[in-house]
Amino acid sequence: MLSTVWIMLPAYLPNPVAALFGGGTPVDFGLTMRDGRRILGDGKTWRGLCIGVFAGLLIGFVEIFCSNAFNLAPMPLQTIASVTALAVGALLGDMAKSFFKRRLGKERGENWFLADQYDLVAGSLLLLLLVSPAWFFANITIPVFIVILVLTPLLHRLANIIGFSLGVKDVPW
Ligand code: CTP
Ligand code: MG
């Protein structure tokens, strides 16, 4: 459980950080598709993307530093590749979700059960598998994967309730 959090921390951090610090120019530059709807929508901004990825990389590099400086034997060894894939993949997954959300005609911030919860898991693990297959199979074991599937929606819910009460999210999901 703790080692799963250790693995996923660089993937979990980008979304809440993007929600806290996002804003400004949207990633799709306001463009719409032929269905008349935005490519991604105003909820995906360059600032959120950059600061979010930066935060994921930062926590990942702190983990790498801690593993080298202290004896954290039970914790999985993050690498530059694993940390980068997890942080970038999480927000790529988030943007892919928004793309399909808009194609389905769902407004920004509208609830989309399961997709909202697992977008970052799909994005980060898929990119990890592409970038570092050996690391993926050594560390994302079946039990770890099951913990990810159980823990992620709970953390997602918790983060959104906190974000809602802080006033950075318009809706508590
Ligand atoms: N955010 C951002 N840039 C990103 C991702 C998120 O600026 N790349 C910010 C936006 O302010 C967004 C908030 O984080 O409103 C919450 O993110 P999310 O719930 O993923 O977006 P939604 O507004 O719900 O949009 P969507 O319906 O497309 O999921
Ligand atoms: Mg949302």
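Helices here are DSSP runs of H or I with at least four residues, and strands are runs of E with at least two, numbered from the N terminus. With that settled, I can start on the model.

This is a predicted model, in which local features need pLDDT of at least 70 and side-chain atom pairs count only at pLDDT 80 or more, while totals for chains, interfaces and linings use all residues. Residues are numbered from 1 along each chain as its sequence is written, chains are lettered from A and ligands numbered from 1 in the order in which they are written, and side-chain values use heavy atoms, with hydrogens and water left out.

I will begin with the salt bridges. By salt bridge I mean a side-chain nitrogen of Lys or Arg within 4 Å of a carboxyl oxygen of Asp or Glu. The whole structure has nine of them. In general, side chains of opposite charge can pair when their charged atoms come close.

Take helix α4. Asp94 and Lys97 form a salt bridge there, at 3.4 Å from N to O. The two are three residues apart in α4, so about one helical turn separates them. Are they buried or exposed? Buried means under 20% relative accessible area, exposed means over 50%, and partly exposed is in between, with a 1.4 Å probe and protein chains only. Asp94 is buried because its relative accessibility is 8%, and Lys97 is buried at 11%.

Next is Lys101 with Asp116, a salt bridge of 3.1 Å from N to O. Lys101 sits in helix α4 and Asp116 in helix α5, so this pair ties together parts that are 15 residues apart in sequence. Both Lys101 and Asp116 are buried.

Now the loop between α2 and α3. Which residue does Arg38 pair with? Its side chain meets that of Asp28 in a salt bridge, 2.8 Å from N to O. Arg38 and Asp28 both lie in the loop between α2 and α3, so the pair ties together parts that are ten residues apart in sequence. Both residues are buried, and for Asp28 the relative accessible area is 5%.

Asp28 also makes polar contacts, meaning pairs of N or O atoms within 3.5 Å; within protein, one atom must be able to donate a hydrogen and the other to accept it, and residues adjacent in sequence count only if both atoms are side-chain atoms. A polar atom of the Asp28 side chain lies 2.9 Å from the backbone nitrogen of Gly30. The Asp28 side chain also reaches the backbone nitrogen of Ile39, at 3.5 Å. Leaving out residues up to four places away in sequence, Asp28 touches Arg38, Ile39, Leu40 and Gly41, where contact means heavy atoms within 4.5 Å.

Phe29 has a positive phi, near 55 degrees, and is not a glycine. At 56% relative accessibility, Phe29 counts as exposed. Leu114 also has a positive phi without being a glycine, at about 75 degrees. Leu114 is in the loop between α4 and α5, and counts as partly exposed at 43% relative accessibility.

Back to α5, where Ser124 is found. Ser124 is buried, with a relative accessible area of 0%. Its side chain reaches the backbone oxygen of Val121 at 3.4 Å. With residues up to four places away in sequence not counted, the contacts of Ser124 are Met8, Ala11, Ala85, Leu86, Gly89 and Ala90.

Last, the pockets. On a 1 Å grid over the protein atoms alone, a pocket is an open set of points, where a 1.4 Å probe fits, with protein on both sides within 12 Å along at least five of seven lines; lining residues have an atom within 4 Å of a point. Points are joined across faces, edges and corners, and a volume is the space filled by probe spheres set on the points.

The largest pocket has a volume of about 1,300 Å³. Of its 47 lining residues, the closest to the centre are Asn15, Pro16, Ala19, Asn160 and Lys169. Helix α7 gives the largest share of that lining, nine residues.

The second largest pocket has a volume of about 170 Å³. Its lining includes Lys97 and Asp119, and α5 gives the most to it, with seven residues.
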